Amino acid sequence: MKLKKKSKDQTKKIDPKKKKERRKTIVSIVIVALAVIMILVATFVPFYHVEGDAMANTIKANDLVCVMKSKSIQKGDIVAFYYNNKILVRRIIATGGEKVSIDQSGNVSVNGQKIKEDYTSDQGDLTNRDIIYPYTVPDDQYFVLGDHRSRSVDSRVSALGCIKKKDIIGKVVITLWPITHLRIY
């Protein structure tokens, strides 16, 4: 079987104007789609830039974290919450009704059970803390601590105290940036 060569008259010519219009349409669709995706992500999956080192070694200053809204917040979760028109990131240690104690060495106990804290970078300075132990966490509130205890303003200070459910933005689920700190929680 022989193939015939198509003559120039038989080839389909694309009009340069139509080609340019098609390209513009595709670029416009891509831009609109990206804008819609960005709006959805910003609305439902907020990102926050972490200031300070209250959560070092886990989350460092200037890390970019993704926070997801969640109804199931539990001990050990790292949460973002509002305090004095700022957003803070801390770890939940105890929930409503539980009793928290911290000894002179900085060891934390909840309901009489010492908790294992392999994420802390130090046990902290207990001198500038004004909570009296054992401390009972009020209902619908959370006792939070920073992982870098000597640098953290947290529930050990009555000015911050326990965090109310309504003030919690959500759980920190991933550290995105810098890429060397990429971590899923």
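Which residue in S8 does valine 100 stand opposite? Valine 100 stands opposite tyrosine 135. The views below show a predicted model, in which local features need pLDDT of at least 70, side-chain atom pairs count only at pLDDT 80 or more, and totals for chains, interfaces and linings use all residues. Residues are numbered from 1 along each chain as its sequence is written, and side-chain values use heavy atoms, without hydrogens and water.

**View 1. Strand S5 and its partners.** Strands are DSSP runs (E, at least two residues), numbered from the N terminus, and two of them pair if DSSP finds at least two bridges between them. S5 (residues 99-102) pairs with S8 (residues 135-136) in the antiparallel sense over two bridges. S5 also pairs with S6 (residues 108-110), again antiparallel, over three bridges, where valine 110 is the bridge partner of valine 100. Five residues separate S5 and S6 in a hairpin, and glycine 106 in the turn has a positive phi of about 95°.

**View 2. An aromatic pair.** Rings of Phe, Tyr and Trp (its six-membered ring) pair if their centres lie within 6.5 Å; planes under 30 degrees apart count as stacked, over 60 as edge-to-face and the rest as tilted. The count comes to one aromatic pair. Tyrosine 135 and phenylalanine 143 form this tilted pair, 5.9 Å centre to centre with 45° between the planes.

**View 3. Lysine 171 in strand S11.** Lysine 171 lies in S11 (residues 168-177). Lysine 171 has a relative accessible area of 17%, so this residue is buried (under 20% relative accessible area, 1.4 Å probe, protein chains only; exposed is over 50%, partly exposed in between). The side chain of lysine 171 reaches the backbone oxygen of serine 72 at 3.0 Å.

Terms used. Helix = DSSP H or I, 4+ residues; strand = E, 2+ residues; numbered from the N terminus. Polar contact = N/O pair within 3.5 Å; in protein donor to acceptor, adjacent residues only side chain to side chain.
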